[in-house]
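Hi,

Here is the structure I promised to pass on. Have a look at it first, and my notes follow below.

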Amino acid sequence: MKPTYLAILIAALMMASITTYGQSCTQRLNDAEDDYEAGRLSAIPDKIERCLESEQFSKEEAVRARRLLTLVYIFTDQEAKAEGALINLLKEDPEHRLNPQVDPAELFFLYDQFRTAPIFRIAFRAGINSSSPNIIERYGTFNLHTHSNFHNGKDREGNDSYVVEGDSSSNDYNSLSGLGFGFQGEILFESHLGKGVELGIGPQLRLSQYNTDSYVNQPDLNSSLTNQQLNIRLPVLFRYTLNYDNRDQKWLPYVFLGGAFDYLLTAKYTEANRAGGTAYSISSSDLIASNQVNQYNYSFFGGVGTKMRVGTHFLTFELRYDMSQLNYINGENRYQNDESTFDLAFVEPDLSLNFLSVTLGYTLSVYQPKKLTK
Amino acid sequence: MSFKPTIYLLAFLSLCAGCGLTEDDNPSPEDVFVKFYGRGSNEAVDLQRTSTGDVIILAKNQLEDGDADFYLVKVDEAGNEVDSRILDGSDGSEDQPKKIKAVGNDEFLIVGQMSTETGIHGIWARINVNLEVVSSAESGSEFFNVIDSVEAVDIIATTEDDGIAKYVIIGHSRKIYSSDIIRNGNYQIILTKEDDEDSTYWVKSHGFSGNEFGLALFETPQRGILAVGEASEGSNRGVYVFETNRYGTNDQGGDVYNASSATSGEGASPSADDIPLGVAETSLGYSIVGSTLDQNGRQVGFHIAVNASGQQLENKTFILQNDYNLACQAIDVAETAYGELMVTGSIPVFAPTGDGAGVNKLEQVFVSRLHRLSGRIVGGDQNYGTTVGNDRGNAVLALPGGDVLVATTIDFGSGTKMVGLLRLNRYGELKD
């Protein structure tokens, strides 16, 4: 026989052997369950433990097998082994649910002595945001009595244009740009504190931008800028989830409140143009290097969302509003950027940045079952 | 478990309570600022402060295809325009404003020139804080009193016993008056006293055989007049200071000072290239600034201090340079509340070598501080302006708190020039 044919034959025999062995594990589990029903407990561990060790059970079979082992050890008064078996059961099926119709009270009793909830959850989230500058104090090279900045296409009254009474040009002053969008991603570590309230903390990276337009007292002299920020943040939140403990609930709505420490990594004008006269554009500008902005801030935020249960994990969708608490602009140096102040005829007002964001996430539950200390 | 999550929530909510920042429409009046005014092509000229802290800026405005006119802008303490007004010398005239002076009762005198088919004439008017002309205009001008053939540059209200407001105007003219000693048709400095009822009390001319130009005048404690101007002889120029009695007569002779020459004082002749451009009354007398040429033939600013009688204060005359060692000129000066002199002017070509090489910002506003007693430059100078145009500091006004206001011309290029008002801190910086 040629060596090739020999190899094929050996492989086929091995496959057949494995298949036979697998079928036998299923059969062994069925037999073991029959033994349990018949009260023949002593031989059950030997029947199924080898299959468990060699991982020949399907997921569902492994859960059945570990439950069976737990029951056997309970009823054979092997307390330590019963606890070990239950831990293995919970590792296999972290949120294993007992059935009052079929599970004995002794199993309930033992189960209640164990930590079956996740020790924490870790959420990976990403989304888009739209910034909304909150003007603290108005500044401008234009006349503040008659003119206004547009931020993200809206003036102070929320309009996209304004008129100046008595203006000889009789023109409308229209916004020149629209909403500024950005992105954020975060990793959130979550821990259940009790009664549906969770504590979450984790780093977030947020790229955001806002657009601002202003007219220097006449329709044909205006500036238009896009101010972009990259923040690294450390949010801490409290979240209350409705029906948190109800494992039958697929959709779990929640509300949350939190605070965050924000550190500005980069800030720049991605676009900065003046029209009128000899048009002028700034190609790049580092607002941190020129000390135009404050790098430290903190925020409060709140929002609503919903979790969709996927096994023991969750998909999340949430709407969130962040409110920075400190001035983004370094007022002391507001006018110190010559290019902005004179070439663009633009200075930033004092403002804090608010954000509306939509986030999608996936939350992993991390379990570590163990017996609870009394 | 003793944990009560509601306590955490309540604590957090209490932290959030009132945490939203609210809008404040009123920047602090002490904040520095940069503001722009006007349409078309504008040039700042001078500024004055009202009793309520508002500021009136005198400027020249020229709309497209229009004639140049006087342009008055009234702004509040934060620099926001509250009113403006255009005053035309006469139909079709090219007008050049020169000075605005406070005369009490929140009224102000404005003076300048209008150029018509018949020549250049001085014009002046008295306005109130609402920028309304309250003096009686002469026929031929809707707003102004007119001084024929005198290029008026400054005006003061004199102290009078009869209760009738009278004004002395300084200017220069080629016109030959009956009292002229020298009648060669060159420019002579003219002093004239008028009221706004079209009465002229006297006209006096002063000067030498060359061209003399008026710049500024002040009333002395003896009700005389201290006049500052420029004297020239051939290609030489110098600062010309003379004092007159209340009738404009100079019994003492004038003094000619040169910042860049040792030949100064009574009887001296102009021997340098000094062009005085601005004068301010100070606690030591008067400070005169202007433009001259240094030993390398480069344009630089200068400062000359004279006492209340117009005598030069020794060791207080200095050439003004800048950090970049570029050509510059000093156009106006004011004494600040901190006892320093703040000078403004321009760097005609801001194209440094060494640090900052490669930049060319054309003409830039120049701001520098001088020690009141020594006249020496204190600290570094500042420069401001656009990259695309020629910007210039035209006038400086000291504020009670120590800050200064600088009236500038800011050029956005392609004929768009705006009046700029810069509120700077005591160091001349745009920094609170």
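In this predicted model, 10 residues of domain 1 of chain A are in contact with seven residues of domain 2 of chain A. On the domain 1 side, helix 4 (79-92) and strand 1 (114-115) of chain A each supply at least two of the residues that touch domain 2. Helix 4 of chain A gives the most to that side, with four residues. Sorted by class, the side of domain 1 that touches domain 2 has five charged, four nonpolar and one polar residue.

For orientation, the domain assignment of chain A puts domain 1 at 3-115 and domain 2 at 120-371. The C-alpha centres of these two domains of chain A are 54 Å apart.

Helix 3 of chain A is mostly covered, with 12 of its 17 residues buried. The buried residues are A62(A), then R64(A), A65(A), R66(A), R67(A), L68(A), L69(A), T70(A), L71(A), V72(A), Y73(A) and I74(A). When you look along the helix, bear in mind that an α-helix has 3.6 residues a turn, so residues three or four places apart point the same way.

One backbone detail to look at comes just after helix 3 of chain A: D77(A) takes a positive phi of about 60 degrees.

Best wishes

Notes. Residues numbered from 1 in each chain as written. Chains lettered and ligands numbered in written order. Predicted model: local features only at pLDDT ≥ 70, side-chain atom pairs only at ≥ 80, totals over all residues. Domains from an automatic or database assignment. Contact = placed C-beta atoms within 7 Å. Nonpolar A, V, L, I, M, F, W, Y, C, P; charged D, E, K, R; others polar. Buried ≥ 20, exposed ≤ 12 C-beta atoms within 10 Å, placed from the backbone.
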